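Here's a quick tour for anyone meeting this structure for the first time. Have a look at it, and then we'll start with the rings.

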Amino acid sequence: MTNFHSSQIPIAMTIAGSDSGGGAGIQADLRTFAFHCVHGTSVLTCITAQNTQGVTRVDAMSSESVTAQFEAVMIDMRIGAIKTGMLLNQEIIKTVAKKLVAFGFGNVVVDPVMVSRTGAQLIDDDAVKTMRDLLIPLAAIATPNRYEAQILADMDIHSLEDMQTAAQNIYKLGARSVLVKGGGMTGDLKAVDVWFDGDRLEVLQTEVIDTTHTHGTGCTLSAAIAANLALGKSRFQAVQEAKNYVTEALKYALAIGKGQGPVGHFFPLLK
């Protein structure tokens with residue numbers, strides 16, 4: 001474990017929604033930051049009534065609240081990396097993009113939460129367009145799943161070659177690097193992600209963990225990437241280490257509740 005003086009502890013921020021069941025969103029992000037010995041700060045975009053069986057209610061925060069939360073943290077602390085998750089609507093996406101530009105912050109991991117890994121669209125078409133036009137160009141790393149990549153790249157994705165093409169197309173939108181996640185793929189591509197940063201086109205593969213308790217994997221991955229960026233890792237190394245972390249957390253997924261449980265963020269304590 002790295003030894004830090006308290007004043008040297010890296011700080012990261014998550015801009016995302018609350019999951020009352022604790023498996024995803026802000027709760028998963030903060031646990032992931034803590035595992036990496038990174039102090040976590042947060043900007044809440046929405047509050048969900050949610051458990052392992054689904055979401056029953058969503059309440060959006062106002063753009064004024066999002067702005068106030070963001071500014072309160074940024075003017076007081078030295079943030080090493082930011083990740084965005086569920087931004088919910090066009091107004092919040094515009095607000096977040098505006099504040100990132102105003103503060104000149106570039107070390108941003110954009111998890112473009114638009115479509116679930118089962119293919120259900122989570123935000124409306126106007127919000128999707130705003131995500132593509134305003135937020136993706138600000139990303140140091142964009143981490144779309146299969147269905148989000150299809151929307152951003154404007155193409156169908158069925159093969160590894162499709163994933164590679166999509167990563168390159170999304171890079172052209174302005175992101176400095178792209179990780180197209182294979183969680184929504186089938187067969188041999190299920191644990192395969194594709195990385196592209198303008199020069200390097202890599203296929204990243206980890207072992208497939210046989211569990212139905214995968215709630216929060218996307219949030220956890222992007223948070224782990226942000227934590228590793230805050231720790232000073234390169235973008236590619238941050239992604240590699242984040243993928244390893246999520247794989248281990250899946251091995252210790254929590255069979256809690258009556259539905260799909262979350263990954264085991266604190267897996268060292270479960271061994």
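## Rings that pair up

Let's begin with Tyr-245, which is buried at a relative accessible area of 3% (buried means under 20% relative accessible area, exposed over 50% and partly exposed in between, using a 1.4 Å probe and protein chains only). Before going further, a word on the source: this is a predicted model, where local features need pLDDT of at least 70, side-chain atom pairs count only at pLDDT 80 or more, and totals for chains, interfaces and linings use all residues. Residues are numbered from 1 along each chain as its sequence is written, and side-chain values use heavy atoms, with hydrogens and water left out.

The structure holds seven aromatic pairs (rings of Phe, Tyr and Trp, the last by its six-membered ring, pair if their centres lie within 6.5 Å; planes under 30 degrees apart count as stacked, over 60 as edge-to-face and the rest as tilted). One of them joins Phe-35 and Tyr-245 in a tilted arrangement, 4.6 Å centre to centre with 40° between the planes. Phe-35 sits in helix H1 and Tyr-245 in helix H8, so this pair ties together parts 210 residues apart in sequence (helices, H or I with at least four residues, and strands, E with at least two, are DSSP runs numbered from the N terminus). Phe-35 is partly exposed, at 29%. Ring pairs also link Phe-35, Tyr-245, Tyr-252 and Phe-267 into a cluster.

## An edge-to-face pair and a charge

Which rings meet edge-to-face? Trp-195 and Phe-236 do, because their planes are at 65°, with centres 5.4 Å apart. Trp-195 lies in strand S8 (residues 192-196) and Phe-236 in helix H8, so parts 41 residues apart in sequence are tied together. Trp-195 is buried at 0%, and Phe-236 is buried at 10%.

## Salt bridges

Side chains of opposite charge can pair when their charged atoms come close. A search of the whole structure turns up 10 salt bridges (a side-chain nitrogen of Lys or Arg within 4 Å of a carboxyl oxygen of Asp or Glu). One of them joins Asp-29 and Lys-83, at 3.1 Å from N to O. Asp-29 belongs to helix H1 (residues 25-35) and Lys-83 to strand S4 (residues 81-84), so the bridge ties together parts 54 residues apart in sequence. Asp-29 is buried at 0%, and Lys-83 is buried at 0% too.

Lys-129 bridges to Asp-133, with the closest N and O atoms 2.6 Å apart. Both lie in helix H4 (residues 125-135), four residues apart, or about one turn of the helix. Lys-129 is partly exposed at 48%, and Asp-133 is partly exposed at 38%.

## The nonpolar cores

What about the inside? The largest nonpolar core has 49 residues, of which Met-13, Ile-82 and Leu-135 touch the most other members (such a core is a set of buried Ala, Val, Leu, Ile, Met, Phe, Trp, Tyr and Cys residues joined through side-chain atoms within 4.5 Å). Its largest share, five residues, comes from H3. Apart from this core lies another, of 29 residues, among them Val-109, Ala-223, Ala-230 and Val-246.
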